[in-house]
Every structure is written in structure tokens, then in C-alpha cells.
Amino acid sequence: MKITFCCTGTKPEPWLAGLRSALPGAEVTVWEAGAPAADHAVVWAPPQQFFDEQVKLKGVFNIGAGVDALLKLRLPPQATVVRLDDAGMSVQMAEYVCHAVIRHFREFDGYAADIQARTWSYRKPRERAEFPVGVMGLGVLGARVAQSLAQFDFPVVGWSRSAKELMGVRCFAGAAQFDDFLAATRILVNLLPLTPETRDIMRLETLSRLQSGAYVINVARGAHLVDDDLLALLASGHLAGAMLDVFRTEPLPLEHPFWREPKITITPHTSARTLRDESIAQIVGKVRALEAGHAIVGVVDPVRGY
Ligand code: NDP
Ligand code: OXD
């Protein structure tokens, strides 16, 4: 069996070593133009030329959860496209979002500023019931995040395409219930995949429906958010702040106003990193399953876009 590796921006050697040691019978190589046809590919942001040449692939394994960039390419029609299914990301995402929610709710930025000014001051405890958190996207990551937040006794609502039942989470589904979900939310967390339906989903019209003084946490994709609309709603006071991990252009250009807006906290697309060992173990298990003709989870539906 031949496995080709084509991951832009990723040091290949440790991945090759891990894949070779887990699949001793396989020939695992870094792709280069003109390379012979492989059976499976491990990819991140490959060029179109890769798929134009590798037309016999049975499995294409994306080393991330989001496949929006991959699905813009012309892929071999017979290939099963597989995304990372957690692989150590959901706990990281839960940490990041719980941190962001708690930091905002407990006013830790305000305390940090007070301490910096050598001031020993107390703030009136806030009512948790007045800070319902809404999680958009209740998939592998969103469901873990929503349930982690519920552990801290926040009222949690969730929104997904199909109806869900999650302990501790009031679930809304589909376009028909989107406005009700927004109206029930004061802290909005985005964990949707980027698809034609979800692009620009956080814009003036939708963010205006959040409860007054809302806070936005975007950990999915930059193109979900209309940057100017966020800035306008921060300026008007309808939004209290935002914590953003993803941006339309990454790295975020230095001239972008988000760098200078004190109500916005930015992090460099780091909320849930791909963990190499966990990812290799998952990919190898799925390569074996596909070769044996077994069903696997994490298969991408190109029509649905995730
Ligand atoms: P999943 O595919 O498991 O979950 C996607 C969720 O979004 C599902 O609940 C799905 O609904 C819902 N959804 C999709 N389309 C719509 C729609 N039109 N309306 C309402 N709900 C919709 O994805 P993951 O949880 O694994 O990952 C989510 C995203 O997180 C990734 O696509 C990626 O962009 C981002 N990500 C960001 C990282 C970072 O470091 N910042 C790291 C990893 C991922 P249903 O359940 O009904 O299908
Ligand atoms: C992912 C990401 O999609 O890192 O996994 O953003």
C-alpha cells in the first residue's frame, strides 16, 4: 500500500516516521510532482496539482477538522474524504471556550487592570442566569464545549442543522429556530463548519438579535464573521467584546483594526491544535478499516460541505 503525504506548512519527518511505524507494510513518502499513484493521502492545504496527478486515491485524510479549503479543490470522485474526528481537539476547544466565557463573566480583564494600577477592588458578582451561552454547531467540538460549559452551571443553548438532545443544553435546530436561539444567547460561541450556508452568518442582522451586552467567541473560521459589522456593534455598545481565534486572512494583517480594538482579544488560530500522535493513530485505524471495507466515522459529505 502506498501513502502520500502533502501537508503545507507541516514538517513531514515526524509524520512519516509515525505513519511508517504504525503501518510497517506501507510505503509512505512525501508527495512531489510526478510521483507514482498512491492509495491514500494525508493532506493539509495541498495544491490542485496534487489531486490532478493523484487520481487513484481511495482515501484522502485531512489533518484538521475543517475541510472548507479542501473542498474548494477538484478531488478524485471515487476518494473518500475524511476529516479529523476529535483526535484530542475537543478537550482543547473546551478549555479555550470555557476560559473565554469565564474570563468575560468573572471580569478577569477588569481585575488584571485594577491590579496593574495597584488597586484592591471588588466587583459585584454577576448573575450566571443573565449570561446564557449559545453554541452554534453541536458536532464533535460544539457538543463537548456546550456540555463543558453546562458543568459550570451556565444556562447553555445550542443550535445545529438537525435536531439534537444533549444533557444540560437547550437545543434549537434549523433555520426556522435560529432567531429563537440568538434571542436566548448572551455569549455566542461559533463552532460551525464553513459552508455556503454558514459563511457570513455572524453579521449585523444576526448579531443584533443577541441579548444586549453580548460577547462573541469565534473559534471556527474567519469567514463566518463580517468584521465591520462586529466593529460597528462594539462601537454602538450592543456587543461588550469578542475573543477571536480565526480570521478571514491569517496571519491577521498588521493593519487590521482588530489588533487595535481593546474590546477584542485575539489568538493566532490556536484554540484546538492538531495533535500528531493522536491524529496518526486515528488515520492509521481508518486506513486499515477502509482497506478492509469497513465503515468509518468522520467521512465528509462534499454536497453538505462538512
Ligand atoms: P462537525 O462536523 O462535527 O460539527 C458541525 C456542526 O455544525 C454540526 O452540529 C452540524 O449540524 C452543524 N451545522 C453545519 N451546518 C449547519 C447549518 N447550516 N446550520 C446549523 N448547523 C449547522 O465539526 P467539528 O465540531 O469537528 O468542527 C467544527 C468546526 O470547527 C470545523 O469545521 C472547523 O472549521 C473548526 N475548527 C477550528 C479549530 C481551531 O483551531 N480554531 C480547530 C478545529 C476545528 P448537524 O449535527 O445537524 O450535522
Ligand atoms: C481545523 C483547524 O480545522 O485547525 O482542524 O482549524
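## About the model

Because this is a predicted model, local features need pLDDT of at least 70 and side-chain atom pairs count only at pLDDT 80 or more, while totals for chains, interfaces and linings use all residues. Residues are numbered from 1 along each chain as its sequence is written, chains are lettered from A and ligands numbered from 1 in the order in which they are written, and side-chain values use heavy atoms, with hydrogens and water left out.

## The site of ligand 1

Let's start with ligand 1, which has 31 residues around it; a residue is counted as near a molecule if one of its heavy atoms lies within 4 Å of it. The closest are Arg-83, Leu-141, Ser-162, Lys-164 and Tyr-306. By type, the shell divides into 15 nonpolar, nine polar and seven charged residues. In this scheme Ala, Val, Leu, Ile, Met, Phe, Trp, Tyr, Cys and Pro are nonpolar, Asp, Glu, Lys and Arg are charged, and the others, Gly among them, are polar.

Backbone atoms meet the ligand at several points. An oxygen atom of ligand 1 is 2.9 Å from a polar backbone atom of Leu-141, and an oxygen atom of the ligand is 3.0 Å from a polar backbone atom of Gly-139. A nitrogen atom of ligand 1 is 2.9 Å from a polar backbone atom of Val-219. The protein covers 93% of the 940 Å² of accessible area that ligand 1 has on its own (Shrake-Rupley method, 1.4 Å probe; for residues, only the protein chains shown count as cover). The elements that give two or more residues to this shell are α3 (89-105), α5 (140-151) and β7 (156-160), and the largest share, three residues, comes from α5. Helices (H or I, at least four residues) and strands (E, at least two) are DSSP runs, numbered from the N terminus.

## The site of ligand 2

Ligand 2 is surrounded by Gly-64, Ala-65, Gly-66, Met-89, Arg-221 and His-269. That shell divides into two nonpolar residues, three polar and one charged.

Here too, oxygen atoms of the ligand sit by polar protein atoms. A backbone N or O atom of Ala-65 lies 2.6 Å from an oxygen atom of ligand 2, and for a backbone N or O atom of Gly-66 the distance to a ligand oxygen is 2.7 Å. Arg-221 brings in its side chain, with a polar atom 2.8 Å from an oxygen atom of ligand 2. Of the 210 Å² of accessible area that ligand 2 has on its own, the protein covers 86%.

## Cysteines

How many disulfides does the structure hold? It holds zero, a disulfide being a pair of cysteine sulfur atoms within 2.5 Å. Cys-6 is in no disulfide, and the nearest cysteine sulfur, that of Cys-7, is 6.8 Å away. Cys-6 counts as buried because its relative accessibility is 8%; buried means under 20% relative accessible area, exposed over 50%, and partly exposed in between (1.4 Å probe, protein chains only).

The sulfur of Cys-171 is 16 Å from the closest cysteine sulfur, in Cys-98, which is too far for a bond. At 23% relative accessibility, Cys-171 counts as partly exposed.

## Backbone details

A cis peptide bond joins Glu-250 and Pro-251, with omega about -5°. Pro-251 lies in the loop between β11 (239-244) and β12 (264-266).

Positive phi values turn up in residues other than glycine. Phi of Ala-45 is near 50°; this residue lies in the loop between β3 (40-44) and α2 (48-53) and is partly exposed, with a relative accessible area of 40%. Phi of Asp-200 is near 65°, and Asp-200 is found in the loop between β9 (187-190) and α7 (204-207), partly exposed at 26% relative accessibility.

## Side-chain contacts

Asn-218 has its place in strand β10 (residues 214-218) and is buried, at 0% relative accessibility. A polar atom of the Asn-218 side chain lies 3.2 Å from the backbone nitrogen of Ala-220.

Asp-52, in helix α2, is partly exposed at 42% relative accessibility. A polar contact of 3.5 Å joins the side chains of Asp-52 and Arg-74; such a contact is a pair of N or O atoms within 3.5 Å, where within protein one must be able to donate a hydrogen and the other to accept it, and residues adjacent in sequence count only if both atoms are side-chain atoms. Asp-52 and Leu-75 are 23 residues apart in sequence and 7.9 Å apart in space, C-alpha to C-alpha.
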